[in-house]
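Please examine the sequence and model shown here before reading the briefing.

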Amino acid sequence: MIAMQEILTSIDVGLIFGVVSIGIYLTFRTINFADLTCDGSFALGSAVSATLIVNGVNPYLASVVSLVSGGAAGFLTGILNIKFKIADLLAGIIVAFMLYSVNLRIMNNAPNITLADEGVLFPGTNTSLAIFTIILFLVLIIVYLLFSRFGLKLRAVGYNRQFAVISGINTNLMTIAGVSISNALIALGGSLFSQYQGFCDISQGFGSLVIGLTSVIIGEKIFSFRKEPLIIVSCVFGSILYRVFINVALHGSTFGIGTQDLNLLTGFMTIGALLIRKRCRNA
Amino acid sequence: MLELKDVSVGNILRGLNMVIGRGEYVLITGENGAGKTTLFNTISGIIKPDSGRIILSGMDITELPPHKRSVWISSVLQDPRIGTIGEMTIAENLYLASMRRNSMKRNDIAFFKDKLSVLEMNLEDRLNEKVRNLSGGQRQALSLVMATIADYELLLLDEITASLDPKNSSTIMNLVNKIDRDKGKTCLAITHDTDRIESFRGGRLSLSNGEVVKS
């Protein structure tokens, strides 16, 4: 039987990955840019904040620096796509691939860093409340951003690039900005996750794109919100539901499912969510 | 005033020369493949000419990217689904269109309602409705309002009745003819279907073999 504490842990992790989901939503849905930088930028955020924290930097400042570093990674992907005309998918793959080495350099060639004895954002008491407050704050900022003058232009680029061009919107600039903001959020997710877990690992980012995308799809499918602010919230809900489902599934010992089956389970969930979407569209 | 000097684009436009005076309304006709859309895209900046210059009101805009040209050039596209954003509301579409000129920072509902009331389609009462719920004719009419909501030097109309039925075509042409011509704005419309755009008030030119001749 799954314990209440484990459900709460799933919600905490789901909330943290909600930031990643929002980042992925911004690229894949808002600006229609298939960005695969995510796995690299998630680990980058984790590596940057962990390295800074063990070197005595304030965890809040470390989180902000990881946010900026993720933004820089996204900026590079955007530049490769816009200025060097490299396809979005390939540009993201190249940057994520390069980030593995960059992350190892940042971590001083160590594959992992422990934060067990360091001052982190979530010291142990009121962790859930702290996470909820941070995520709520971020959601409000993103919703405000999307409905600002800038956000309207950003959405216009994703919905209808040709219209955006004739409407005087610098689509290149908006694309780079969108990918940068997205990866900044993903890196922040990585930073929060490593601080929550108490360690940073070089392979922490693997699969974060699929997990984030699955969360976006689950959120869209289950809540079916049509208004932009609620869609952003649905990304977070989708992420929480994903974590709870995975936790419940991993505890379903009757099926013989173990942690080694996590990727398989995630893959099935993604396929399932995509098929449900397709069936609903065809209906 | 719009002036094209020896503008060439591949084998489609070959050393095209054309002058449209300030305040003039001109309709360019031509068969399919005559180069009308290429001409539209070259003036709006989507296509960069191989050679030649494009001068608008004394400014050489040849090297300007399309988003910078849109400060002076306003366009209505053939397909209203591309000329508007279906996923956004009417108000959001109008707000986006009003941003074309940085000096325009209007999110003024009363202003939008006033602009839409000219259409006589009751769109002013549906400002918060998604544009995808509108008919093709209503979307094209909205597109026309969006093109003229902010100040402009040149209005480009690309086959604006091509995707509409005769009734809606007539409505759109009436709206085009209603555009205030007292402000010295230049308008260039292109079409292959002269019947639907017959009521267009202005001069006529013909595009044939990549060159413009008087029709």
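The points below concern the interface of chain A and chain B and a sheet in chain B.

This is a predicted model, in which local features need pLDDT of at least 70 and side-chain atom pairs count only at pLDDT 80 or more, while totals for chains, interfaces and linings use all residues. Residues are numbered from 1 along each chain as its sequence is written, chains are lettered from A and ligands numbered from 1 in the order in which they are written, and side-chain values use heavy atoms, with hydrogens and water left out.

**Extent of the interface**

- Chain A contributes 17 residues and chain B 25 residues to the contact (heavy atoms within 4.5 Å).
- Between them the two chains bury about 1,900 Å², of which 65% lies on carbon and sulfur atoms; buried area is the accessible area (1.4 Å probe) that two parts lose on being put together, summed over both.
- Of the area that chain A buries against chain B, 36% comes from Arg149(A), Phe163(A) and Ile166(A), more than from any other three residues.

- One salt bridge is counted between chain A and chain B (a side-chain nitrogen of Lys or Arg within 4 Å of a carboxyl oxygen of Asp or Glu).
- This salt bridge joins Arg155(A) to Glu92(B), with the closest N and O atoms 3.3 Å apart.
- On the side of chain A that touches chain B, helix H6 (149-159) and helix H7 (161-166) of chain A each supply at least two residues; helices (H or I, at least four residues) and strands (E, at least two) are DSSP runs, numbered from the N terminus.
- H6(A) provides the largest share of that side, six residues.

**The sheet of chain B**

- Six strands of chain B form an open sheet of mixed pairing, in the order E6-E7-E8-E3-E9-E10; two strands pair if DSSP finds at least two bridges between them.
- Strand E6 (73-76) and strand E10 (211-214) of chain B are the edge strands, each pairing on one side only.
- Strand E7 (residues 154-158) and strand E8 (residues 186-191) of chain B pair in the parallel sense over five bridges.
- Leu157(B) has Ala189(B) as its bridge partner in E8(B).
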